[in-house]
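Please look at the sequence and the 3D structure first. Then use the briefing below as a guide.

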Amino acid sequence: MQKMLGNKKAYWIFVIPAFVIYLVMAFVPIAMSGYYSTMQWDGIGEKIFIGIDNYLKLIKNEAFLLSARNSLILAIASIIGQLIPALFFALVLARKVKGEKVYRTIYFIPVLLSTVVIGQLFLKIYNPDYGALNALLQSFGFQGQDWLGDKRFVLASSLFPIVWQYIGYHMLILYTGIKSVPADIYEAAQIDGANERQMAFHVTIPLIKSTMKVSLTFAVIGSLKLFDLIWVLTKGGPLHASEVPSTLMYTSIFSRMEYGMGSAMAIFIVLECLFFYFLIEKCFKVENITY
Amino acid sequence: MKKIKPTKVLLHIVLAAFAVVQIYPLLFLLFFSLKDNNEIYSGNVMGLPKEFHWSNYQNALFNANVGHYLLNSIFVTLIVIVVSDILACMVSYAIARMRVKANHIIKPFFSIGLMIPLHAVLLPVFIMLRNLKMLDTYQAIIIPYIAFALPMAIFFMIGFFQVLPLELEESAFLDGCGIFRTFFTIILPLVKPALATISIFTFLSTWNEMMFAITFINSEKYRTLTVGIMQMVGQYTTDWGTMGAGLVVATLPTVVIYLLFSNQVQSGMVAGAVKG
Amino acid sequence: MKKRLVKAIGLMMSAVLALGCTACGNSGGNAAAESEGTQEAVQAGKEAAKADANEAPGDEASAEKVTITLWSQFSDPNSTDGNYVAFYNALESIKTDMPNVEVIHEGTESESYKVKLKTAMAGNELPDVFFNWGAGTMKPYVDAELVLPLDEYMTDDVKGRILGGTLDNFIFDGKTYGYPYSVAVASLYVNTELFEQNNVKIPETYDELLEAVDAFSAAGITPISLGEKDLWPGLMIFGIHAIRMAGAEDFNAALNGTASFNTPELTEAARKVQELAARGGFGSSAMGTSEDDAVAAFKQGRAAMMFMGSWLNGDCEADDAAVKGKISVIKFPVIEGGKGSVDEFHGGSGETFLVSSSCEHPAEAAAVAQYICEKMSKDQYLAGSGMPAWEAEMGDTSGLNRLSQEIANLTADATGYVYWLDSLTGGSKADTIMNEIAKLIDGSVTPEDFCANLQTINE
């Protein structure tokens, strides 16, 4: 056994092809960003080495600190607003509910649609002039609001669709985890007389711990580097109220022509993600369960 | 005789209500694609169109080179899924099952890929492709797509390899199977549900990707569908109805692919198969 | 075994890093520093293209056909926008008018265009000819010698056909880098029907403008449609107030750093903008309204006025516009006590096609840029976009957009121009100005602090 599974040559044959592609197209590029982050550079002219000056400026930049805070709020909102409903639906659907297939298909639809579509949908819902939300509020006698234009509401208004869109995504991850548990384990539990809720909490959830860790990691990292939907909805505005680190990074690089500063933001995002990655790994130390 | 429990009724109400919420965006897109800008920018943007502008579809389908873009998208996506699936399974199997010290480094090394903000590496990847003389070719997008699909696929798959019982390999090795044969013929079929799931994710990110495709490709002959459709956005004005029609055309394949793959998730695991 | 592996991986890592880093050294900005390999590839590509052309049977002229690559933000050939129509017309007619070149065009939607162009620029992979804005946006490219001065191709005959002042934003250190193709100016679009229905006088003075604002607010109509969510529309509002208060000359001086923003006039201009916003001049939700929405509101008759560039003409006169035939354009009224006159305008000529300095066939590339600009100048005017930048026999103008004609009359006696603030300043300066103006309109900065913050871009 050890001879087979400890075979270094086989190991590297498995790893090398992916390693090379990933190294050249992803790892070295982010290392290059690290290099740019120590430069004052407009993306065109001379690069001037300035050490960690960009990082020092970054931690004094109010808009950036606000954006970092916003992304942490989003991460927490995602854990609560995505993972809990996703786990609930995954548990229910995996237990052979009537219409399992139809529900599973429909629940995933928002993930299938591109950001442009979801963005347009919510721009129309939130529109202050003719939006559905204000129309609804007004029909109950409340006053309409400028949901994406008012500093007080913009963060909540823009985080809601972001959290909602990916419920189906995490549902599919968790559903796959549950479906990969062999059916005879459930059968054994059922014979022991466990009810549905007991089954979920004492059998299924402990068994899909590693899948839950995957879901949690994706949700947190995805939140910290989120860009697309917030860009479509608010571009980080008004007055930076809905800014996240990625939108500021984009503006720095492509509008402000501050390539070095933008790269420093990118490295900040990676480090922030790494921190939470190791935190999750540590908290979720999964003993190798085999069935 | 089972009696109907009230909790069960409640459950079905919740499931159905959520289904309505989740299916609405698709209906919104379909309605949207049949409207003109006047209706899109006024009160009636959420409901059925007052007048069906079928000409939007005519504009979207026949004015742009949609057929060609569609073929490009299918070609690129197919290669990315197949290659990244195979490579990711190999790596995650090695990390999950094999006892080699390098694992402690290899796993976080690939995981960093999950965290990279794509806008920041646009220029570095561009420079890499330029130095490899690959700009403006199919490879210019296929290879970066694979590179950025791998971290997610690997991270996802590891857990599924970990839970397989060790007896699988033991009996295979005793039968005289080498590790590669064991992997491809015995282990791989068992993770089919996970593989189907990760294929869906890779498909979606590849199919909808725009920034790399716009920046690394100059020739129209390599242009992908999503990029082709986004070109309808104008500097000051955009014909959103036609754009909606284009988006419907771009979304349909994703629905089909999802249906195909997600059935694999459901049926992949046959009871007792693991015990092999 | 293990050591060898570690060594092998180390080697590979350093090889890959080297691959990335040769590039770092090269992208230092000088076009001559472009890596040899790349130039070889370009050369090979072009030779291949030539060879292809040679093989084309029966066409003598194609033997010397040169290929010119052209990038623009005109991405949709089916667009009805005047600039797009004119560009695609030019692209079509260049085939017959310049048979010795083959133009390969790549259009990219405007937001992505900026990203693509900047990346190609940093990676030294510019096309031969490309669309760009002038002034501050262009300056870094000129400083880095990425674009070619066109003076040697600009004969007196050519210069004679270019209208006065339209080259200003393309001249750096006495060298001209681009040909103009349009003069876009902003004016106040008014919905005459709404003014009549509500018994409001079309404003001739700033006080009358404020009266109109109050009257429309009271009637529940958005007085001035503004899409401040996209930030740049607010620039135009502040821009015209600053022109009226400080005069075009002084405002230009502050913008190009030779004078301060901390003047009583500019502070007053900022105060006027803030008061206008607080008064409800832009409705209650300008901060969350996109330019698309703002235009739609005006086009559908839900807003009474809009201060916008002449590209709005096409929208107002479109067949599906509820306001078709009911819109008039007027000069933005003067502000009492201001130094500016009513004949000073916001806008100008600032969009062009640049030629890359690493281009293989500069003469042909310059000729292509000139051809397209001259051709577009006439066609975009006829299509109802901006004013022409070249002298031309317009021929039959009966189909000309009514509003374009009105704007041509308004600007006939123009005494000064301030170009769009974002293009004029470019990069981080433009971003700072846009965000400060958003704060101003939102009411979260005082006019004094606003001017002080603007002054930071000059330091």
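Predicted model: local features only at pLDDT ≥ 70, side-chain atom pairs only at ≥ 80, totals over all residues.

Residues are numbered from 1 along each chain as its sequence is written, while chains are lettered from A and ligands numbered from 1 in the order in which they are written.

**Terms used throughout**

- Helices (H or I, at least four residues) and strands (E, at least two) are DSSP runs, numbered from the N terminus.
- A residue is buried if 20 or more other C-beta atoms lie within 10 Å of its own, exposed if 12 or fewer, and partly exposed in between, with C-beta atoms placed from the backbone.
- Two residues are in contact if their C-beta atoms, placed from the backbone, lie within 7 Å.

**The chains one by one**

- Chain A has 16 helices and two strands.
- Its C-alpha atoms fill a box of roughly 70 × 70 × 30 Å along the principal axes.
- Chain A has 291 residues, and 55% of them are buried.
- Take the contacts in chain A with a separation of 6 or more: 69% join residues 24 or more positions apart.
- Chain B has 13 helices and zero strands.
- The C-alpha trace of chain B spans about 70 × 70 × 30 Å along its principal axes.
- Of the 276 residues in chain B, 54% are buried.
- In chain B, residues 24 or more positions apart make 77% of the contacts with a separation of 6 or more.
- Chain C has 18 helices and 12 strands.
- Chain C has 459 residues, and 53% of them are buried.
- In chain C, residues 24 or more positions apart make 79% of the contacts with a separation of 6 or more.

**Where chain A touches chain B**

- Chain A gives 79 residues to this contact, and chain B gives 77.
- Which helix of chain A gives the most to the side that touches chain B? Helix H2 (residues 8-36) does, with 18 residues.
- The chain A side has 54 nonpolar, 18 polar and seven charged residues. (Ala, Val, Leu, Ile, Met, Phe, Trp, Tyr, Cys and Pro count as nonpolar, Asp, Glu, Lys and Arg as charged, and the others, Gly among them, as polar.)

**Where chain C touches chain A**

- Here chain C gives 33 residues and chain A gives 29.
- Helices H1 (2-26), H4 (110-122), H5 (139-143), H12 (291-299) and H17 (427-442) of chain C each give two or more residues to the side that touches chain A.
- H17(C) gives the most, with six residues.
- By class, the chain C side has 15 nonpolar, 10 polar and eight charged residues.

**Helix pairs**

- Two packed helices are described by the angle between their axes and the distance between the axes.
- Axes are lines fitted to C-alpha atoms, for helices over the stretch in contact, and angles run from 0 to 180 degrees between N-to-C directions.
- In chain A, the axes of H15 (residues 245-255) and H16 (residues 259-283) come within 7 Å and cross at roughly 160°.
- H15(A) is therefore roughly antiparallel to H16(A). (Angles under 35 degrees count as roughly parallel, over 145 as roughly antiparallel, 65 to 115 as roughly perpendicular and the rest as oblique.)
- The contact of H15(A) with H16(A) has 10 nonpolar, three polar and no charged residues.
- A:Leu172, A:Ile173, A:Thr176 and A:Lys179 of H10(A) meet B:Pro193, B:Ala194 and B:Thr197 of H10(B).
- These residues divide into four nonpolar, two polar and one charged.

**A residue in H10(A)**

- A:Tyr169 sits in helix H10 (residues 167-179) of chain A.
- Is A:Tyr169 buried or exposed? A:Tyr169 counts as buried because A:Tyr169 has 23 C-beta neighbours inside 10 Å.

**Helix H3 of chain C**

- The buried residues of H3(C) include C:Tyr84, C:Phe87, C:Leu91 and C:Ile94.
- The buried residues of H3(C) pack against strands E1 (66-72) and E2 (101-107) and helices H13 (312-316) and H14 (362-382) of chain C.
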